[in-house]
Amino acid sequence: MKLTIIHPAVYVLYYFILIILAFLYNDPYYLASFLICISVLIALQGISREFKNVIKFFIHMSILIIILNPLTSHVGTNPIYIMENFFITLEALVYGVLMSLSLLIILLVFSSYNRAVSYQEMLYIFSKIPPHFNGDHNGPALYSHPELPVN
């Protein structure tokens, strides 16, 4: 599903808003529904191989986050494990799970963004000299600079 009619800046704005929303909300229901929506978007884009690669990377990262967060953060009122001055709280453990879920959503948003916007479109958005529209849709470049040769 490659929609080349839409301006690349719209894609950048859309994915930027998705990333901001993933950072702002730590509600488990919101994150679960957001994860389902991003998974459906990835399935519609046809990038299940990238989805599997992100999940393989994410499993190790999430285990690390879920273990390290309760060990470093002792904020909470419900202790799970107490040993002298060291304790692990339920709140720190749940926050580690929510933080790893938020990281998964952000990784999936970036993989979806990578599929939706090509590097040429990113150069089109962030270049100092605005390129001209090529007009020929047969080539790989949608937008080209007048001084650069087009294949």
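Contact is taken as heavy atoms within 4.5 Å. The model is predicted: local features need pLDDT of at least 70, side-chain atom pairs count only at pLDDT 80 or more, and totals for chains, interfaces and linings use all residues. Residues are numbered from 1 along each chain as its sequence is written, and side-chain values use heavy atoms, without hydrogens and water.

The chain holds 5 helices and 4 strands. These are DSSP runs, numbered from the N terminus (helices H or I, at least four residues; strands E, at least two). Their order from the N terminus is α-α-α-β-β-α-α-β-β. Of the 151 residues, 29% are buried (under 20% relative accessible area, 1.4 Å probe, protein chains only; exposed is over 50%, partly exposed in between). Among contacts with a separation of 6 or more, 58% join residues 24 or more positions apart.

Helix α3 spans residues 48-72. Its 25 residues reach 35 Å from first to last C-alpha, close to the expected 36 Å (1.5 Å times one less than the number of residues). A kink of about 30° is centred on Phe58; the bend is the angle between axes fitted to the seven residues ending at a residue and the seven starting there. Phe58 is also one of the buried residues of α3, with Val54, Ser62, Ile65, Asn69 and Pro70. Their cover includes β2 (86-89) and α4 (90-116).

Strand β2 also pairs with β1 (residues 79-83), antiparallel, over 4 bridges. Pairing requires at least two DSSP bridges between two strands. Ile82 has Phe87 of β2 as its bridge partner. The two strands, β1 and β2, form a hairpin with 2 residues between them. In the turn, Glu84 has a positive phi of about 50°.
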